[in-house]
Amino acid sequence: MKKKNIFLTFKKILSRYYSVFLILLFWEMVSRSGLINPILLPPVSKIVIRFFELLVFGKLLYHTGQSMFRMWIGLGLATLVGVPLGILMARSSMLRSFLEPLLGLGFPIPKIGIYPVLIIFFGVLHSSKIVLIFIEAAFPIIMATFNGALFVEQKMIWTAESMGTKKQKVLWKIVLPLTLPHVFMGFRIGLIVSLIVVFLSEMIASAEGLGHLMMSSSRVFRSADMFVAIGMISFLGLLFDRIFLWLRRRALRWHPEAISHEEGF
Amino acid sequence: MTKLVVQKVSKTYKSGKEGKEVEALEGVDLEIKEGEFFSIIGPSGCGKSTLLYIIGGFIPPSNGAILVNGKGVTSPGIDRGIVFQEFALFPWKTVIQNILYGLEQRKMVKNERVKIAEKYIEMTGLRGMENLYPKELSGGMKQRVAIARTLACDPEILLMDEPFGSLDAQTRVFMQDELLRIWDETRKTVLFVTHSIEEAVHLSDRVAIFSHRPGKIKEILLIDIPRPRIREEEVSRSQYIKLINYLWKAVEREAKGFF
Amino acid sequence: MSKRNRIVYAIFSVVSVFLLWEGLSRTGWIPHEVLPPFTTSLQGSFELMATEEFSRHLFASSCRWAIGFSISLILSIPIGIYMARSRRVYNFLDPILTLTYPVPKAAMIPILMLWMGAGDLSKVTVIVIGCFIPLVISAYHGAQGVETSLIWSARAMGMGERAILFRILLPASLPTIFSGVRMALAISLIVVLGSEMIARQSGLGYYLFNSLEMGLYQTTYSVLIIISGIGLLLDLIFSLIMRKVLIWS
């Protein structure tokens, strides 16, 4: 029985991702044949081997840890600050009129440009990157939360008030749960953005982390290691996205337009 | 015993880009007795819902006062429960969690709360659906939850804003009788706003006719059909037919008067 | 809130931020070397733009960006639309896109530099790759969202497939495509700057980072102001174009 199930799932994965497997196969063949310099394009098999070597003997886990540490603190802070801020902005027209233009103007500015300034202030260690991640992730989170909280049905709030809920408590008891779907949407973008930013900032200036691993490998032409670094960050991105979708499915069970299946898009 | 007094309430608000002043209500006076089922009918946009929201304390009147049990009220409170046409159920909470919401504001042991909630679940015919989410309920069921939730807070007055307006015709008729049955058990004071004349006559002790905008009470009619009101028997009563005709003409007059 | 009020509030917020910057610096709360006053930095920005050296770098960045962005537009949007029209193409590309989606396109920069050298080609390629996914996705969704009833009635009226594509599908999907383009615009700027900060050869990103490394902090802030200004300007231009084209929306 078990054997049949495994075979079926294998078949399913194969049929869905057949284009990917084709490309990987093509890659391996092209690389091994010598058509393309194996330094430029190391065979997939070599990359996999190198992955395990770096994992056990190299400092892959250490670098991954550094990157993840920075990313999650930045993202976490962005959420902790961004969600309440977005909600408050939606309910207080004063705050809104002050912050909304700033957010709108800050959005098209390539915030990576602030990175050198942050280095001036915080040096090249963790803080500059964490702050950059915070800034980059906060924007989508605040904006999504704000947009969601803006359109909370007035009658829900009135109902809660008529049942004895005080005005301040209404924000957390009513507005927040109703805004949750939007918060999730913003967080997802924040997740993607923070992944990109941590990697990028580490590539530009860092002594540790996956981005740094990427750069240091490129300088000595260890291309397989470079691919390991990319593979690692991509895998993490995929993993976090899946976990996120699972969490969202559970937290938003009650939502009428529940997005039921996993989506890459 | 007078439960609710509305004293010369008027409401003007600015609307639109030019800030035009709209007079929604003009000097409304009303007195509702305890345990009375009181309906308000009138043409669309005449301000009857606005009056309800002012009584509920959600919007302030421009002039006048609202008194409940003799005391003035200016903000929402647990003494005035409200049921909306759109149900306004908390979608992230289950049926029983919705009903427990109001109870959680009050100091009591958890067991007590659950017991009270279950009492109202039983009363509104929701047994078996306690753990469903609003998205899994039909319109009629949602409205029952809304009613149960509001009753569980034990308000002095029940304000209902066209509660059956978004239900289909059959469910609506059914829910009217359900409401009467539930009301009979609790005999709360009810202020009921509706478009439907038949609904108002079937349910109420008294019916007020609202004029077109700016709204005020044109006339109050006594519905002297004895309770319990059984539909099949009621509709053939001459009294019923007279009232319906009279009210139709009155509302028609008001609606036409606006144009 | 009227439009006029909104503009007033916006000006107020922005000005207060600049005032804060100026105040923090001038009062000495944050030392001059670390945070030169806003006015000084702004002045420096204008002075920089007049220099030949800076203009050279600005031009280099602009060219890369323009070429890269245009290519990605020309490439990605048709692919996205095609994906919406052909189930087979969708099935082929979807898993690839889903898997490459979490790859930070910035990560491709060193590899592309390995293959193509640290010159313009690698940077243009990164821009194309970086903008590819958001553009394809929005083009796909835009084309997808066009009501089938619209297309069917066009067919019933005897419209050829080509005409349907250009006169119905494209215009109807434009709003979604435009919002995707706006996002791709922001991404492309980050990618250009980022790749220049990594490659450290030429361009605004290089100039910015170089000033940091040489301790010329004043210049750093001035360049930052210029970069921000460019970002805002491009977004503004784009919004205006969008409004003109989508006037029927």
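I began with A:Gly104, and I found its place in helix H5 of chain A, which covers residues 93–106. I kept in mind throughout that this is a predicted model.

**Chains A and C**

I then turned to the contacts between chains, and noted that of the two pairs of chains that touch, A and C have the most contacts. On this interface, 43 residues of chain C are in contact with 40 residues of chain A. I listed the elements of chain C that give two or more residues to the side touching chain A, and these are helices H1 (3–26), H4 (87–100), H5, H8 (161–199), H9 (204–213) and H10 (217–245). The most comes from H10(C), with nine residues. Sorted by class, this side of chain C has 36 nonpolar residues, six polar ones and one charged.

**Chains A and B**

For the other touching pair that I looked up, 14 residues of chain A are in contact with 19 residues of chain B. Here helix H8 of chain A, residues 154–162, gives the most to the side of chain A that touches chain B, with six residues. By class, that side of chain A holds six nonpolar, five polar and three charged residues.

**Chains B and C**

I checked this pair as well, and no contact joins chain B and chain C, whose closest C-alpha atoms lie 8 Å apart.

**A helix pair in chain C**

Last, I went back to H5 of chain C, residues 108–116, and found that it packs with helix H6 of chain C, residues 120–144, at an angle of about 140 degrees, with the axes 9 Å apart. That angle makes H5(C) oblique to H6(C), because only angles over 145 degrees count as roughly antiparallel. The crossing in which H5(C) passes H6(C) is right-handed.

Which residues make the contact? From H5(C) I noted C:Met108, C:Ile109, C:Leu112, C:Met113 and C:Met116, and from H6(C) I noted C:Leu121, C:Ser122, C:Thr125, C:Val126 and C:Ile129. Divided by class, the residues of this contact are eight nonpolar and two polar, with no charged ones.

Definitions and conventions:
Residues numbered from 1 in each chain as written. Chains lettered and ligands numbered in written order. Predicted model: local features only at pLDDT ≥ 70, side-chain atom pairs only at ≥ 80, totals over all residues. Contact = placed C-beta atoms within 7 Å. Helix = DSSP H or I, 4+ residues; strand = E, 2+ residues; numbered from the N terminus. Nonpolar A, V, L, I, M, F, W, Y, C, P; charged D, E, K, R; others polar. Axes fitted to C-alpha atoms, helices over the stretch in contact; angles between N-to-C directions. Parallel < 35°, antiparallel > 145°, perpendicular 65-115°, else oblique. Left-handed = near helix turned anticlockwise from the far one by under 90°.
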